[in-house]
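Colleague: Pick one part of this model and take me through it closely. I would like the packing and the geometry in one connected account.

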Amino acid sequence: MTMRLLFTPLLFIIMLPALAQTKLAGRVTDRQGQGIPLANVILAGTYDGATTDNEGAFSFETFETGTHKLVVKYVGYKDFEQEVVLAGRPVVLHAALEETINELDAVEITAGSFMASDESRRTVLKAIDIATTAGATADIAGALNTLPGTQKVGESGRLFVRGGDGNETKTFIDGMLVLDAYGPAAPNTPSRGRFLPFMFKGTSFSTGGYSAEYGQALSSALVLDSRDKAEMTRTDIGLLSVGGDVTHTQAWERGSVAGKLQYTNIRPYFGLINQEIDWRTPPASWEGVGAFRHEVGKTGMVKVYGNMSRTDFSLYEHDIDNPASRVAYALQNDYRYINAFYKDVLSERWTVRGGAAYTYQQNDSHAGTTATLETEKGVHAKTVFEGSLTDKVELKTGAEVLQRRYSQDIHTEGMPTAIRAFDETCIAVFTEADVYASNRFVTRAGARGEYNTLTGKTSVDPRLSMAYKTGNVGQVSLAYGIFRQTANNTWVRLNANLEAEKAEHYILNYQHVTGGRTFRVETYYKRYRDLVKYTGTTEPTQLNNTGRGSAQGVELFWRDNETVRGVDYWVSYSFLDTRRNYLNYPESAMPAFASRHNASLVVKYFIEPLKSQVGTTYSYTSGRPYNNPNKTSFNSERTPYYSDLSLNWSYLPKPYLIVYFSCTNVLGRDNIFGYTYSDTPTGDGFYNSRPVRQAAPRFLFVGIFLTLSKDKSVNQLPTL
Amino acid sequence: MKHLHLYLIALLAWNITQPAVAQGDRYTAAMQPHIRTVYTADTVPPLQNAVNALERIATAEKTRWEPYYYTSFGYVMMMNYENDKLQKDRYLDLASKALAHASALVPQESEVVALEGFILMMRVSIDPASRGQQYAGQATQTLARAVALNPENPRALALLAQMQYGMAQFFGSSTAEACANARSATEKFATFQPANPLAPQWGRSMAEKLQGTCKE
């Protein structure tokens, strides 16, 4: 008892510090007052603090005394800080956190835009998707042709977007314009892109309403971001049924250099498979590619890419009325492209990127007794600054110069040489701001000013887009813009005073993404003005800019790589209603490259026990218009529908070896793209015709790709 | 590479030996319950609670790498209990961010480098088809570096073995090297003595399971 009495005061003394405990309690919410669970409440510099409960409430006690800083942290919100005085009295506080605009949560403008990227995680496609799409034969345009917004034009191979022709799509590599992104092709045979899909870490394919940074394109901008430095030294060898290539990559700590030499010769292949074309010498080409990458300073990067190639072929064109009569046509194409790009971080908020690109292209063709030499040289230089003005305003601004020199010399035996040439300089400035009201709502407003020496005119074109998140997975976006493009070389070389052609885009998009499933629906209206118009059939005269047109449509896209294990598929459908009165059209009509319905189904299946990926693509295009001079109404006839079922198979027997097989048009459908008519009628006033067919019903491709490196687990999958 | 997501399940069969070291200083005492939670909790809220507590310790103890290490580990565990791919990546982003603090403090610590490699493995597991090429090589290199930094670290060796095994299976090549590493990792686990009560102790069952698969 005595002991107990003695101990009580002692206990009391020991307990004393406990009385100096301060209780801190309160609530953590967002600006709308919604409680934030699992936020971290920290008494800075101590171990003390708490995690908020489901309602955002917290409560803890501390032995600390004096003035301290209380910090509240939660992902996606700015840190909240407040001084608190700890003196035994309970402290109650309310922390209303302000959300940060961050890449993962912020709404994204998706109207008119398809992104394929390995870095960004919300993209609809990955770079590998482009390479492994059956029927695309590893061609960028071929793969993008399975997306909504494109119209398949089988005899061209180019990207035709929303009622625009193939020239209305421009390709940019690291922001720099490529004057002709497609290799040469024989008449009515599809051309292939000059750039392989796996050179790029990101592909942004816009079917309208794109950024003010991109000009001189009426319908579409294909923006390709090249890969950064290669990680390891390696040699790749490809043996193809139509040629071969060898690539060597040397990598060091801060950079890499790669060189590739490729030879393609379709001659032996054409000997095996019956062709629609009467080849004299089928296409053969040499191509050399070089890429250099180097990191500069802490954050800078220099990229240089160069590509040179020579292609030649010759064939016989047969007269429609008298097929026995034939004319030889031969083409040699020389192409050089070099692109130097630099990017660096200027400060915490600003980055700069810029570069210069040079394209040289020459077509030396001979048809009968006429020799034509067509040369185009272009230089493009650009600088862009990007940065944040505040947490919620991002700005992009820049300037560019595009200079082109075009000439066409036509020499016919016994005639003076005809020269048609023009020079164009186009100077542009652009600026664009993204203003975030919150992570849910963004407005992008911009403008592009251009001065063109051909017309001597200055123009300012507005661009506007908005996006709003309707929930966690859905968002609506819309885009508007005016776009202009110098008329096609074919017309400007005849009349250098032609105005630029213009298009106005209105786009509304809804996108819904959950896990591995993506649903998109988009509708648009597009108006063309100042299109080139002329009179005459063989010799265009009175060229002017009175042509007009419009396009409208609805497009659907669905992708699912979640429902069935190992299976990834997408479906796209485009409806297009377009009419134009341009060129020498007697009235407003649907152009021959347009089709009302386009649908694609792409399926990829990974069979693990077989170490194989198999893929199939089905494409359907409804009949396209053609003009039958035997009929009174213009462009009123329709071709049969187009359809194609393609298969591919990639087999990886060893980590460093890939065997690849692909076949287009497995069912062998005889697709007809249109009809060409004789220039002159026969005696009874009837114009004879000949269908434009596929060069061959199928294209078979077999390749073996071998990679030699120190690490034997590396293969060429990325380059397929 | 498709097997990667299975690794985590193997990993989660913890057998942590509770070291018989007396709870010494205040720092160690504060850390231990939260370390236990990141090893054993199987839902996000307790994991986040532990990670928050570890973060508070980290802000008070500016020179210790362990709070960041276990914060990072905790986020990897949260990623494992999340189904949404985007959210999985977010957790891995947070894991990388926390681990960057640890590597700034102890750049040559094999355990930290091994966890970095583990995070890369998990990146692959989210989307093996499109990420395999980019991250699988990086993950292997990082894990090899962790082994080089401390050849006696059984976790680094076990993770490397797991990665090599997955790659070998994917390509149908020999698993000999992977299995040799798995065996070696198991042996090292058997004799492994944590340097202190806060030293990482996970991964033993993963190594044993892999070795078991190798024997079949």
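Modeller: In chain B, 48% of the 216 residues are buried. Buried means that 20 or more other C-beta atoms lie within 10 Å of the residue's own; 12 or fewer means exposed, anything in between partly exposed, and C-beta atoms are placed from the backbone. The model is predicted: local features need pLDDT of at least 70 and side-chain atom pairs pLDDT 80 or more, while totals for chains, interfaces and linings use all residues. Residues are numbered from 1 along each chain as its sequence is written, with chains lettered from A and ligands numbered from 1 in written order.

Chain B has 10 helices and zero strands. Of the contacts in chain B between residues at least 6 apart in sequence, 64% link residues at least 24 apart. Contact here means C-beta atoms, placed from the backbone, within 7 Å.

Now helix 4 of chain B, residues 66–80. Of its 15 residues, 14 are buried, so the rest of the structure largely encloses helix 4. At 1.5 Å a residue, helix 4 should span 21 Å, and its end C-alpha atoms are 21 Å apart. The expected span is 1.5 Å times one less than the number of residues.

Helix 3 of chain B (residues 44–60) packs on helix 4 at about 160°, with the axes 9 Å apart. That makes the two helices roughly antiparallel, a label for angles over 145 degrees; under 35 is roughly parallel, 65 to 115 roughly perpendicular, the rest oblique. Axes are lines fitted to C-alpha atoms, for helices over the stretch in contact, and angles run from 0 to 180 degrees between N-to-C directions. The crossing of helix 3 and helix 4 is left-handed: the near helix is turned anticlockwise from the far one by less than a right angle, whereas clockwise would be right-handed. Helix 3 contributes residues including V44(B), L47(B), V51(B) and L54(B) to the contact. From helix 4 come, among them, Y68(B), T71(B), G74(B) and M78(B).

Helix 5 of chain B covers residues 85–105. Its 21 residues should span 30 Å, and the end C-alpha atoms are 31 Å apart, which agrees. Among its buried residues are Y91(B), L92(B), A95(B) and L99(B). Helix 4 is part of their cover, and so is helix 6 (110–126) of chain B.

Terms used. Helices (H or I, at least four residues) and strands (E, at least two) are DSSP runs, numbered from the N terminus. Two residues are in contact if their C-beta atoms, placed from the backbone, lie within 7 Å.
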